[in-house]
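Visitor: I am new to reading protein structures, and I would like to learn how to look at one with care. Could you take me through some features, giving the general idea before the case?

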Amino acid sequence: MRILEVKNLKKIYKTRFGGNQVEALSNISFSIDHGEYVAIMGESGSGKTTLLNMMASLDKPTEGSILLNGTTYADIREDQLSSFRRDHLGFVFQDFNLLDNFNIKDNILLPLVLSGRPRNEMKEKLLPLVQILGIEKLLKKYPYEISGGQKQRAAAARALITSPSLILADEPTGALDSRSSDELLKLFSDINREGQTIVMVTHSVRAAGCASRVLFIKDGSIFSEVSKQSTNEDITPKIFNVLSAMSGGGNSHE
Amino acid sequence: MNKKLFRRLAVTNLKKNAMMILPYLITCVIVVSLFYIVTSLSANSGLNTMSGGNLVIDLMKFGNRLFAILSLLFLLYANSFIMKRRKKEFGLYHILGLEKKHIRQVILLESVICSFVTIACGLIIGVGSNKFVTAALSKIIGTELSFTGFVSVGAAAQTIITFTVIFSLIFLYDIRQIQTTNPAELLKGGQIGEKEPKAKWLLAVLGLGLLLYGYTLSLSVNDPEKDIKTVVGAIVCVTIATYLLFIAGSIAGLKLLRSHENFYYKPKNFTLISGMLYRMKQNAVGLSNICILFTATLFVMTTTVSLYFGISHSVANQFSRDISLSAPASDKEKLSELVKFIEKNKKLHSLQTVNVQQYTGGKFEDDLNEDSKSDNFFLMPLESYNRLTSQSLSLAKDEVLVFSGSAAIHSDTLSFALNKVKVNVKEYLRQFPLSNDYSGIYGLERLYIVSPEDGLLAGYFGTDGASDLYYEFDLAGSESDKSDFSYTISKMAEGFGLTVNSRFTFRDSLNVRFGGLLFLGILISMILFTKTALSIFYKQISEGYDDQERFKILEKVGMSQKEIRSTIRRQILIVFFSPILIATLHLCFALPMVMKLLKIAFMDDGVLIVTSSAVSAAALLIIYGAVFLLTERVYRKIAAPLTTSIGRITG
């Protein structure tokens, strides 16, 4: 089943006074099926964040369209967009984006509260989720009282609590030490195995290696694609190959 | 590092931070111009010569000092907000290689530019509006003030010196701020993670208790002159309670709301309550300051407005007749001459004398009922009483007739310690021909005692058989004629060395006094208000910056712009209007006390006092509402700009 479809996506940024135009994305198309775990790799400035923003409906493409569960983003009214995002998408950010004035429990419940869900639904969903993520002891704590890895797990819980069709993760391991990174990646693999679709933008080869498919973006278009043939296959060497091919294209590696 | 660079840096800094600095500069200009106006009025030669004018001069001098102190405090406060926001900027300069002494030079240049511009603009506005202000004051006090049209050099010099000193102090404060922080901290500026505020239940309960106690004290005041301790106690209690309630009570209340899960986990309340918790932690002191200032402003406005508009009431309360003449018995000839003059000249002014009362007697003080408190009494010879009431009563030597406005004194005998005599009260009179002056107002109740001329109390009457002679009457005719004639009589009486009380001359002098008070009250209210608005403006702006991140995250997590804006609006509404609401509540409970206080000035028109307080509160609320709308716009611009770029996931 197809969850997300990106068709001929193009994005041009204009500088504020209309002078220069920067093409961030040029003609990108791909689709993501239910239950997939896709990583998007690319150097800084390759356009991967722009792509993620548009998949998140936070930014509008100049041309092309994005469909989530068959609905085109462009067809959703502006005032419906937030609740659409809330109900269908879950976000995990590099810098966690937890609110310091909420404790962990309230941070996780935030999307449900904003949707005006009944109190018992919140209770029913919260407990099993935090048990899976191993943060049930942290519920009363505040973001500034816990470690980065714990914060990211709390952020993952916030993304998962609405049972979204798609989790969008933007460099989720970017601010974590290697142990916390591994834990988070294992967590992602676990929830993916349960059937959760994940799209993750990352720099890290180790993170991308956990995905079932990796898309490589260079200069605003898809450069290459690597997929696992079997669930246990280690695609890290393939990723390295593509990366060196990408950097060999005349540009020096960062 | 050359001077030119610093100059350019200072100018671009000011331009770049215009939105931040402009309200501050505008306030400075307003304050400077008001200061100049007050100072130049205190030197107005016309005020020197008129009755009550000296009070107005003193008031203006007081205003001048008050304004200087308030200016320093408030400008320092507003400036600290600006500095907090700009720390990052200075941190960057520091990293870029400017030394602290260079930054100091940049700030010095900025201060010099700002000070020069605001003092100059303030003086120009002050000088320019002086004519209108003088005209307004003339109108309020009902006497034409001369306006020379020249710039008062003394006032201008005083203004320049005062504000140069104030701005220098602020500059020194800024320098200290830069000096005491290291570059890393400067770069971070205000953005340091904050812990969740703790609910201090004890303090919250203490605050509530103090508030109730203060209100009770305020309501229990009977005679402000005697109960001065209670008045001060009430003010102190309510002030402390205000701080405690804002600091501890607000947080305790919000936590209480948060613990009600069914209430808290609602889209409307969720972000608001958690946001407010932090807002209150940072702003409690500021909000309590604003609340206290508001209460003070309302208090000043209520008293001055009701005093001014209650002048005719005060006059009527103090004088039962339009003109009252009095003279010691030895000046009998002079008094009859003056009366003759009045009779002869009243026709010239096309006036009639009506309600003429002529009597003798004297005002004394003694402990009559032996309760070790002295009582005021008016002792009138029997003959005078018989004449006033057209009776022919007779009394034994040790007998008196008594009229008492209060129920306090009702013993059968009265003792006069001074002359060591005791007299028997033959009768407590139901009414008395003289109106009981201001006995009904408060405290100063006076007994009227009628005694035979040859009685035991004869010693009080002196050798002439009477201590004082009184001649009182009303005038009938046009108001302006009455007023003119009153002044003529007063002048005559002065020539004779007699005492004259005229409602008209008294009203005019009250007009000057209370008008001056009102005028100063308006100016003080303006200053307090401008500064309150200024501080709340900066408060909101600095909060806007603090909230920026929060609202960005909220939008990413799925809060719509609309929801964010409604949250912002309600948050500002609460932060904005809580001080004024509490101030109004304070005023409501202070009103009974204010009424009793105003009785000192013989002003007891409750309706007028309530009306003036309501009008003052309404006026403040309206202007404040305008500031609110302005602030909200600026805040929203900062906290949740409507551009799409806000939604971008990473920078």
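Guide: Let us begin with burial: a residue is called buried if 20 or more other C-beta atoms lie within 10 Å of its own, and exposed if 12 or fewer do. Please keep in mind throughout that this is a predicted model. With that cut-off in hand we can turn to strand S7 of chain A, which is mostly covered, since five of its five residues are buried.

Visitor: Which residues of S7(A) lie on one side, and which on the other?

Guide: A:Leu166, A:Leu168 and A:Asp170 lie on one side, while A:Ile167 and A:Ala169 lie on the other, and with all of them buried both faces of the strand are covered.

Visitor: How should I read the way strands sit beside each other?

Guide: In general, the strands of a sheet pair through backbone hydrogen bonds, and they do so either parallel or antiparallel. Here S7(A) runs parallel to S6(A), to which it is joined by four bridges, and it also runs parallel to strand S8 (residues 197-202) of chain A, with five bridges between them. To follow the pairing residue by residue, notice that A:Phe91 stands opposite A:Leu168, whereas A:Ile167 has A:Ile198 of S8(A) opposite to it.

Visitor: In what order do the strands of the whole sheet come?

Guide: The sheet is an open one of six strands in chain A, with the order S6-S7-S8-S3-S9-S10 and mixed pairing. Strand S6 (89-92) and strand S10 (221-227) are at the edges, and each has a single partner strand, so one side of each is left without a neighbour in the sheet. From one strand to the next, the twist averages 20 degrees. Elsewhere in this sheet, strand S3 (37-41) and strand S9 (213-218) of chain A run parallel and share four bridges, and A:Ile40 has A:Leu215 as its bridge partner in S9(A).

Visitor: Which residues have the most contacts inside the largest nonpolar core?

Guide: In that core, which has 192 residues, they are A:Leu168 and A:Val214. The element that gives the most to this core is H17(B), with 21 residues. Returning to A:Leu168, and leaving aside residues up to four places away in sequence, we find that this residue touches A:Leu52, A:Met55, A:Ala56, A:Leu89, A:Phe91 and A:Val199. A second, separate core has 42 residues, among them B:Leu335, B:Phe377, B:Tyr470 and B:Leu475.

Visitor: What should I look for in the backbone angle phi?

Guide: Most residues other than glycine have a negative phi. A:Glu171 has a positive value, near 45 degrees, and this residue is found in the loop between strand S7 (166-170) and helix H6 (178-193) of chain A. B:Ser390 also has a positive phi, near 55 degrees, and its place is in the loop between helix H14 (382-389) and strand S4 (399-404) of chain B.

Visitor: Is A:Glu171 buried or exposed?

Guide: A:Glu171 counts as buried because it has 22 C-beta neighbours inside 10 Å, whereas B:Ser390, with 7 other C-beta atoms within 10 Å, is exposed.

Visitor: How many residues of chain B are in contact with chain A?

Guide: There are 25 of them, and they are in contact with 30 residues of chain A. On the side of chain B that touches chain A, the largest share, six residues, comes from H11(B), and by class that side has nine nonpolar, nine polar and seven charged residues.

Terms used
Residues numbered from 1 in each chain as written. Chains lettered and ligands numbered in written order. Predicted model: local features only at pLDDT ≥ 70, side-chain atom pairs only at ≥ 80, totals over all residues. Contact = placed C-beta atoms within 7 Å. Helix = DSSP H or I, 4+ residues; strand = E, 2+ residues; numbered from the N terminus. Nonpolar A, V, L, I, M, F, W, Y, C, P; charged D, E, K, R; others polar. Pairing = 2+ DSSP bridges. Axes fitted to C-alpha atoms, helices over the stretch in contact; angles between N-to-C directions. Core = buried A, V, L, I, M, F, W, Y, C linked by C-beta atoms within 7 Å.
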